[in-house]
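Visitor: I am new to protein structures and would like a friendly tour. Could we look at one together?

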Amino acid sequence: MMDLIQVRRELHQIPELGFQEVKTQRFLKNIISDMANDRVEVAEWRTGLIVKVSGIKPKRTFGWRTDIDGLPIQEATGLPFASQHEGLMHACGHDIHMAIAIGLLERLIKEPIGDDVVILFQPAEEGPGGAEPLLAWLDQQRPDLLPDQIFALHIAPELALGTVATKPGLLFANTSELFIDLHGKGGHAAFPHHTRDMAVAAAALLMQLQTIVSRNVDPMDSAVLTVGKLTAGTVQNIIAENARLEGTIRTLTPDSMMRVKKRIEALCRSIEEGHECSVTIDYGASYRQVDNDPELAESFLAFASQSQEITAIRAEAAMTGEDFGYFTERLPGLMFWAGVGSEFGLHHAKLVPDEKVLELMPDFLYNYFNSL
Ligand SMILES: CC(=O)N[C@@H](CCC[C@H](N)C(=O)O)C(=O)O
C-alpha cells in the first residue's frame, strides 16, 4: 500500500500557485504511472491530470475531483516537512485532498468497481479557477472523460477527525474577486491642497463598502464583502498617487451578486466625483455556487451514518467559494466537508490537518463508490 502520509508530506513541500503546478503535476504523474495498469488511462490538461480507471461492467462514470494548487501564504507551522517554496503554502488542504485522491485511485486500480471512475486533479482552485476551463476542454476534446456524476471533499479544520458534513442544495457561496485601483494627483506631503490623496480616497471607499452588506443586502439574505489587502502610496512624506483594494464578494444567489456589484460601482463613481480621481474595478475570477444534488446529498449522508469510523452531520451553507460549483452547475454533484481537527483554520499559516484522515477517507470513498 502507498504511504499516503509520505505522499502528502512531499506534496506539502512543493505548493504552487494556480496553473503553475508543474512540480506537483510531475510528482503526481510519477506516482500514478508507477501504480497504473491497463485499466488506467492518464490525460494531461495544462498543469492538471485526468485519470480514468475502467470498471468491470461499466454503466456509468463517477467523477472524483481534487484541487492541486497552493496559496500565497508564508508557512508558520514549524513542521519538519514545511513548504520549501518561499511565500507559498498548502494552507487550504489541497495536499491532503491530493493524497486522498491518490489513495482512492490505488484502491480502484487494485480492486476495480463495476463502473468507471475518473479522477480529476484540477489546477487553480484558489484562482483564477481551473474548473470552468477544464469542463470546456472536456466538452470539446475529451467528452469520453466527462463523468455522469461528480464528487469532491474539502477538509474542515473545525470538525473532528472522522466527521463528514454536507447538505442538499447550496453548500458554498457565489464568489467574485474584487480589485479596485484608484489614481489621482500625488505630491509633496506638505502641500495637500495641490494634490488628490489616494490613501484618503481608498480609506473612504473602504468604509463606504462596509455599508453594502449592512444597508443594501436584504437582512434575510446574506453576503460578505471582505477587503483583504489595501495598499497606497510609496513613502511617508509623499501624498499617494495610487491606491489599491483587493477583496472578495460572497453571495447566496447570482442575483444578489449582481446587486452587490452595482452598489460597488455606484460607490466607486461617488469616490471619483468626491475625490477628483479615477477608479477602475476588475472583478477577477468568479465562481458559481456549489449546489449539491439533493438525492446524492441524502444518500451520501445515509451511507456515511452507517459507517463505524465516520460521523455524518448536516452542514450549514458557508460563504466559502469553490470552483467545484462549475461542476455542480453542469452535472449532478456532491461536495462535503471532511473533519481534520486543527486549531488553526483554512488559509492560516499554522494550519496542521490531522493526517489520520488519510487512513479513513480513501477506504470510505472506495466503499461509497462501490455502493452506488
Ligand atoms: C475553500 C476556499 O477557501 N476557497 C476559496 C476560493 C477563493 C476564490 C477566489 N480567489 C476569491 O477570493 O473569490 C475561498 O476563499 O473561499
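Guide: A word to start with: helices, of at least four residues, and strands, of at least two, are DSSP runs numbered from the N terminus. Please also keep in mind that this is a predicted model.

Visitor: Thanks! In which loop does Phe19 lie?

Guide: Let's begin with its backbone: Phe19 has a positive phi of about 65°, although it is not a glycine. Most residues other than glycine have a negative phi. As for its place, Phe19 sits in the loop between H1 and helix H2 (22–35).

Visitor: Is Glu276 buried or exposed?

Guide: Glu276 is another residue with a positive phi, about 45°, and it is not a glycine. Its loop runs between helix H6 (254–275) and strand S13 (278–282). Glu276 has 12 of them, so it is exposed.

Visitor: Which peptide bond is cis?

Guide: Most peptide bonds are trans. For this one, look at Pro128, in the loop between strand S4 (116–122) and helix H4 (131–141). With omega near 0°, the cis bond is the one from Gly127 to Pro128.

Visitor: Which residues does Leu138 touch, leaving aside its neighbours within four places in sequence?

Guide: Leu138 lies in helix H4. Because 21 other C-beta atoms lie within 10 Å, Leu138 is buried. With the neighbours within four places set aside, the contacts of Leu138 are Pro143, Leu145 and Leu146.

Visitor: How far apart are the end C-alpha atoms of helix H9?

Guide: Helix H9 covers residues 357–371, which makes 15 residues. At 1.5 Å a residue, they should span 21 Å. The model agrees with that, since the end C-alpha atoms are apart by 21 Å.

Visitor: What covers the buried residues of H9?

Guide: Start with who is buried in H9: among them are Val357, Leu358, Leu360, Met361 and Phe364. An α-helix has 3.6 residues a turn, so residues three or four places apart point the same way. The cover over the buried residues of H9 includes helix H1 (4–12), helix H3 (94–110), helix H7 (294–305) and strand S17 (333–339).

Visitor: How many nonpolar residues are in the contact of H1 with H3?

Guide: The axes of these helices come within 9 Å and cross at roughly 140°, and the crossing of H1 and H3 is right-handed. H1 brings residues including Leu4, Val7 and Leu11, while H3 brings residues including Ile96, Met98 and Ile102. Sorted by class, the contact of H1 with H3 has two polar, two charged and, as the number you asked for, seven nonpolar residues.

Visitor: Where does Thr195 lie, and is it buried or partly exposed?

Guide: Thr195 belongs to the loop between strand S9 (187–188) and helix H5 (198–216). Beyond four places in sequence, Thr195 touches Lys185, Gly186, Gly187 and Ile239. Buried needs 20 or more C-beta neighbours within 10 Å. Thr195 has 19 inside 10 Å, so it counts as partly exposed.

Visitor: How far apart are the C-alpha centres of domain 1 and domain 2?

Guide: The domain assignment gives domain 1 as 4–172 + 289–371 and domain 2 as 174–286. Their contact takes seven residues from domain 1 and eight residues from domain 2. Between the C-alpha centres of domain 1 and domain 2, the distance is 35 Å.

Conventions. Residues are numbered from 1 along each chain as its sequence is written. This is a predicted model: local features need pLDDT of at least 70, side-chain atom pairs count only at pLDDT 80 or more; totals for chains, interfaces and linings use all residues. The expected span of a helix is 1.5 Å times one less than its number of residues. Two residues are in contact if their C-beta atoms, placed from the backbone, lie within 7 Å. Axes are lines fitted to C-alpha atoms, for helices over the stretch in contact, and angles run from 0 to 180 degrees between N-to-C directions. A crossing is left-handed if the near helix is turned anticlockwise from the far one by less than a right angle, and right-handed if clockwise. Ala, Val, Leu, Ile, Met, Phe, Trp, Tyr, Cys and Pro count as nonpolar, Asp, Glu, Lys and Arg as charged, and the others, Gly among them, as polar. Domain bounds come from an automatic or database domain assignment.
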